[in-house]
Amino acid sequence: QVQLVESGGDSVQAGESLRLSCVVTGTGYSRQCMGWFRQFPGKENEGVREGVAYLGSDGRTYYHESVKGRFTISPDNAKNIVYLQMNSLKPEDSAMYYCAARDAPVSRGGILDRRSYNYWGQGTQVTVSS
């Protein structure tokens with residue numbers, strides 16, 4: 001059984017920073033890909049969960065255009081934690097942020113597609129005010 005637990009969400013002012021953490025626990029799991037997704041207020045439909053950042057087992061990263069240069073995904077492999085460092089936050093970054101994992105390689109087209117991931121956390125709320 002694999003579990004993902006996010007933390008680090010908070011209410012901040014525009015321009016400030018936050019670091020989200022995702023702790024991965026479980027056995028019999030070969031982590032291939034990790035991703036951070038977000039769901040905007042009023043859009044509880046899982047289908048509109050937007051891919052934000054990707055980290056492959058080879059260390060490759062990929063970002064949504066809207067966060068490039070501001071967000072950084074990184075691992076602490078010793079602690080089984082994946083971080084999302086978010087700088088220069090904007091009000092439009094306000095959302096519930098979810099950590100996701102996949103135990104098989106993913107095609108380039110599926111990197112930020114929520115349908116590619118089979119393990120999910122419960123989310124952590126980020127609110128950015130202007």
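Modeller: A salt bridge here means a side-chain nitrogen of Lys or Arg within 4 Å of a carboxyl oxygen of Asp or Glu. The model is predicted, so local features need pLDDT of at least 70 and side-chain atom pairs pLDDT 80 or more, while totals for chains, interfaces and linings use all residues. Residues are numbered from 1 along each chain as its sequence is written, and side-chain values use heavy atoms, with hydrogens and water left out.

Biologist: How many salt bridges does a search of the whole structure find?

Modeller: The search covers the whole structure. Its count of salt bridges is 6.

Biologist: How many residues apart in sequence are the parts that Asp93 and Arg38 tie together?

Modeller: Asp93 and Arg38 meet through their side chains in a salt bridge, 3.0 Å from N to O. Strands are DSSP runs (E, at least two residues; helices are H or I, at least four), numbered from the N terminus. Arg38 sits in strand β4 (residues 33-39) and Asp93 in the loop between β8 (81-86) and β9 (95-102), so the pair ties together parts whose separation in residues is 55.

Biologist: Is Arg38 buried or exposed?

Modeller: Buried means under 20% relative accessible area, exposed over 50%, partly exposed in between (1.4 Å probe, protein chains only). Arg38 has 3% relative accessibility. That makes Arg38 buried.

Biologist: What is the relative accessibility of Asp93?

Modeller: Asp93 is found in the loop between β8 and β9. Asp93 counts as buried, at a relative accessibility of 2%.

Biologist: How far apart are the closest N and O atoms of Arg70 and Asp93?

Modeller: Arg70 is buried, at 10% relative accessible area. The side chains of Arg70 and Asp93 also make a polar contact (N or O atoms within 3.5 Å; within protein, one able to donate a hydrogen and the other to accept it; residues adjacent in sequence count only if both atoms are side-chain atoms). In the salt bridge, the closest N and O atoms of Arg70 and Asp93 are apart by 2.7 Å.

Biologist: Which residue meets Asp113 in a salt bridge?

Modeller: The N to O distance is 2.8 Å.

Biologist: Which residues does Asp93 touch?

Modeller: Contact means heavy atoms within 4.5 Å. Residues up to four places away in sequence are not counted. Asp93 then touches Arg38, Arg70, Phe71, Ser88, Val126 and Val128.
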